[in-house]
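Me: I would like to learn how to read a structure feature by feature. Could you walk me through one?

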2 protein chains.
Amino acid sequence: MRSHLCGLLDSSLIDHETTLCGWVQRRRDHGGVIFIDLRDHSGVVQIVCDPDRPATFAQAEQARSEYVLQVRGRVRYRPSGTENRDLSTGLIELLALELTILNPAEPPPFQLDDYHGDTSEEVRLRYRYLDLRRPEMQTRLRKRSLIVKTLRNYLDQHDFLEVETPILTRSTPEGARDYLVPSRVHPGEFYALPQSPQLFKQLLMMSGMDRYYQVARCFRDEDLRADRQPEFTQLDIEVSFLNEDALMTLMENMIRQVFDTVLEVRLPDPFPRLTYSEAMRRFGSDRPDLRIPLELIDVADLMQTVEFRVFAEPAANPNGRVVALRVPKGGELSRKAIDEYTQFVSIYGAKGLAYIKVNQWANNGRDGLQSPILKHLPDATINGIMARTGATDGDLIFFGADSASVVNEAMGALRVKLGRDLALFTDEWQPLWVIDFPMFEYDQDAKRWTALHHPFTAPKLDQLDRLETDPGSCLSRAYDMVLNGSEIGGGSIRIHRAEVQRRVFELLNISPEDAEDRFGFLLRALQYGCPPHGGIAFGIDRLVMLMTGSQSIREVMAFPKTQAASCPLTGAPSEVNETQLRELALRLRTRT
Amino acid sequence: MRSHLCGLLDSSLIDHETTLCGWVQRRRDHGGVIFIDLRDHSGVVQIVCDPDRPATFAQAEQARSEYVLQVRGRVRYRPSGTENRDLSTGLIELLALELTILNPAEPPPFQLDDYHGDTSEEVRLRYRYLDLRRPEMQTRLRKRSLIVKTLRNYLDQHDFLEVETPILTRSTPEGARDYLVPSRVHPGEFYALPQSPQLFKQLLMMSGMDRYYQVARCFRDEDLRADRQPEFTQLDIEVSFLNEDALMTLMENMIRQVFDTVLEVRLPDPFPRLTYSEAMRRFGSDRPDLRIPLELIDVADLMQTVEFRVFAEPAANPNGRVVALRVPKGGELSRKAIDEYTQFVSIYGAKGLAYIKVNQWANNGRDGLQSPILKHLPDATINGIMARTGATDGDLIFFGADSASVVNEAMGALRVKLGRDLALFTDEWQPLWVIDFPMFEYDQDAKRWTALHHPFTAPKLDQLDRLETDPGSCLSRAYDMVLNGSEIGGGSIRIHRAEVQRRVFELLNISPEDAEDRFGFLLRALQYGCPPHGGIAFGIDRLVMLMTGSQSIREVMAFPKTQAASCPLTGAPSEVNETQLRELALRLRTRT
């Protein structure tokens, strides 16, 4: 139906006849001539319809925004002085010889050609087919396709086999809530949609598949936050007979290749590696944004003897933590701004936010500092803080003092917020690996150990003997890939021996009966010759969001759900009829 | 953990040290030496452990079938006379210098190295991780991966964009039963799993995506037959601004490329095209297996006046059909065989199966024929039949006479069965397109028109005006790709104008209210500038099954379900607890 694409016409085609198909981006009447900007996925070109060709002109007169047209015409230079250098086709135009309206269009409910982000997301999603016509959205989805293609190419070149695993499966143990699918054939029984193909990919290793990958749809019925969706896409990877160093290198190379191909960005080689404990110590987070040049500095040793109990108590408590966070040029922060930060850290449970403004330290020493807490701190402590943080005149130092977990969360978040607010971070890509995670966390409420990753993560080989005696000190063979403060991938070497798997289940308070019931097939499979294996999974939506500079994963999915997990376009979810419920042996429960 | 793969060792590595990882395929003790066939996904190699190295030998003595080993050794030629020419590594062996048991294995429940297909499918699926270790299954899954990769590469090269569409969506209108997913956030409401991304891919065309594809998981809650699975994979394709000829050529080229790349088979160029009516006339089927050189030959005109009412009545009835099916060398069929075929056609509703054996026609004419029905047929009829079928001595002619639909089904199926039983068909690949399908079929029971494809299929442009006046004669712009008697792809140009879509809905007895309720979003989208578009979907499981010569799609899926839609490995579906049901506002219904 067409000979060329709109955005690809150029002066090499001068005097050629071409046929285009596309949408009316804009129509203008000027001096008795009609100008139409015709748009397809490749771009926009100017069509000129003059009254000398009455049939064509008459059709052009009817055309409105978003009408679908077919135009046969001759390419010519735009008159001198009317060129548009902002447009790839801006030097030429198409003189229409024949114009056909393929389909008319109602006036769109929001502007497509001059979009300012002022349309509610609900309306955008309801009319997603219009929203997706915008070049910005086209670019995002095209980049997503290219990113996934580049990932696939890399994996294909490295002998990975793509294998599809079931969507209708059994409840998996990732810990979030499963979506359930009632079975008609087995009344009262349900399939679960997978939170990840974790167990299947391990079974594929036991099947001798050697290197597996899948661009896998995953599902979690969780309360939605800004960056969550009921279904999401994961690049799922598993390999046999490879240790964590080799696997991490393979994966780093893949991500470097994607950035190189798609963004022409060279990521560092190798990625820096931080242990979990160092990441928590320096950044209060296991996914630190390394673009922000701020660090938490431990000062508990300086605070243990101060009179000020807010500092002294956590400083003396083995589970407490006291840190300083130096903010260069932070002295300019207003009282109001500091109040707002105090409010901000309270979200994370911090009971206050002490600070010292460094006004004239160089000349006036202690008298050049300004702080409500100054009176509580002896000289030695002050001197120690100033020396350790390296703060200079014009800076500000924030303090966090509480349990280690509150300090890490609150001050880690504050660090990121300050980085953004004060535009401290560089516009670079800062990937890293976080390694040496603890195997277990102690859940104070439930009074039991839980797995920091998942229960199939292998402990470090040399720590197997303290699994039971000192689980808190056991490190795992897990690794997370972090980019600019987001975890984009996470994985581990898995347990490949049934006996170790049983011990870990036991430690996690999963009884032998429960283990058999939920994971019996895995334990059995481990006994039939399971190779050493490990893997990783990358969040594709998150990765694409970062690589396209988008604010939400909804911006990089064609048909996302709202935060109420519904689709304004199709109306999903919706009611079903009694016959369907009856076939599934279900009855609705009236909530009280 | 390894330096090489087992199956890739060869004489270029003589005297080199290599490290391998793999599974014990077989262990033999011979003359005080232990021989181990070590297997990985690339193949098998012979390991030799001699008693000179006691530690290695001791480990080797413990090794049993399916143990996972790591072996460091030196490659050497096998002693003259002990080479194995059937094995890619058969000229060499690895002298073990160090052998480590990475994981022991229980004795497998069925033989992996010498498998005879005598294990029940239930057991194979329960221990799928063992079943998949068999080279035959490895080959199937690897070929599947290669087929999909080749399809993707072709589409990428032709500017198709891969876009993911939702799995949690609204009930779609493909006609089969949907799998439903209860919503926790919206109690009493359900998502449906897609039977295909049909409406989303049309919406993507309305979004200006131009060329879309997706390797899409689809779901149908149907009663399972040999070749059905609750979930299956479809290569889903849609394009804008392309007519059916251009699209069919593009798709043909893709399938030709896949066969060339994966099987080194050159398919015909172009594929033959048969109209629906010709396919039904000649083969009684809209997916004819062209490898079978048998055709149905209409003889109603010869039968209209015969006394024999079994023939005369359908011959005179406009909805009836009378056909002859010549079977070359069919004269050798025994009475018992003919009885069995009579039984066979009765499955399809045929009330009998008349036949004529051609014994000595050349010399004896009518007297050289043998048939219980001969006496009912006048000479002119006999002569006409013999001339039209071209039957010669030694042949047999079967007859079908009934309503056209019964004759087509029964004689079409008989044709295929005869082709297989008598090994008449060539071992070639016979693809074709079937085109010019009717838009509608009349459902005699429900007394209404139904869509032969789906309600979004466009009617031929020149037949729009008889949509209401003579729907039965309207042809659609649909096309099916058929290979060796299986439909591997089907699609159509879609309706792109709201007004035509409304008329088709009306004809299909979908009231305006019902249309609004079920497809309102589509009708709305059609009004905002929908481009002319069309597409196709290929059944990946079916295609891979054919290309790997497998007997069932379960053989080309890693983790298929049984015919009871359950997974013997994981135990899905399974019961869920009361809390989960309560969260979903559901109650189980006790069946009475």
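This is a predicted model: local features need pLDDT of at least 70, side-chain atom pairs count only at pLDDT 80 or more; totals for chains, interfaces and linings use all residues.

Me: How many aromatic pairs does the structure hold over all chains?

Reply: Rings of Phe, Tyr and Trp (its six-membered ring) pair if their centres lie within 6.5 Å; planes under 30 degrees apart count as stacked, over 60 as edge-to-face and the rest as tilted. Over all chains there are 36 such pairs. One of them joins Y127(A) and Y528(B) edge-to-face, with 5.7 Å centre to centre and 80 degrees between the planes. This pair crosses between chains: Y127(A) sits in the loop between α2 (121–126) and α3 (128–131) of chain A, and Y528(B) in the loop between α15 (512–526) and β22 (533–539) of chain B. Helices (H or I, at least four residues) and strands (E, at least two) are DSSP runs, numbered from the N terminus.

Me: Are Y127(A) and Y528(B) buried or exposed?

Reply: Buried means under 20% relative accessible area, exposed over 50%, and partly exposed in between (1.4 Å probe, protein chains only). Both Y127(A) and Y528(B) are buried. Y528(A) and Y127(B) also form an edge-to-face pair, at 5.7 Å centre to centre and 80 degrees between the planes, and both of these residues are buried. Ring pairs also link Y127(A), Y129(A) and Y528(B) into a cluster.

Me: Which residue lies over the face of F344(A)?

Reply: A charge sits over a ring if NZ of Lys or CZ of Arg is within 6 Å of the ring centre and within 35 degrees of the ring normal. K417(A) lies over the face of F344(A), 5.4 Å from the ring centre. In chain B, K417(B) lies over the face of F344(B) at 5.3 Å.

Me: How many salt bridges are there over all chains?

Reply: A salt bridge is a side-chain nitrogen of Lys or Arg within 4 Å of a carboxyl oxygen of Asp or Glu. The structure holds 112 of them over all chains. In one, E231(A) meets K561(A) at 3.6 Å, N to O. E231(A) lies in strand β10 (residues 231–240) of chain A and K561(A) in the loop between α16 (540–547) and β23 (574–575) of chain A, so the pair ties together parts that are 330 residues apart in sequence. Both E231(A) and K561(A) are buried.

Me: What separates R128(B) and D131(B) in helix α3 of chain B?

Reply: About one helical turn, because they are three residues apart in that helix. Their salt bridge brings the closest N and O atoms to 2.8 Å, and both R128(B) and D131(B) are buried.

Me: Where does strand β3 of chain B find its partners?

Reply: Strands of a sheet pair through backbone hydrogen bonds, either parallel or antiparallel. Two strands count as paired if DSSP finds at least two bridges between them. Strand β2 (residues 33–40) of chain B pairs with β3(B) in the antiparallel sense over seven bridges, and a hairpin joins β2(B) to β3(B) through two residues. With strand β5 (residues 92–103) of chain B, β3(B) pairs in the parallel sense over two bridges. Six of the seven residues of β3(B) (residues 43–49) are buried, so the strand is largely enclosed by the rest of the structure.

How values were computed: Residues are numbered from 1 along each chain as its sequence is written. Chains are lettered from A and ligands numbered from 1 in the order in which they are written. Side-chain values use heavy atoms; hydrogens and water are left out.
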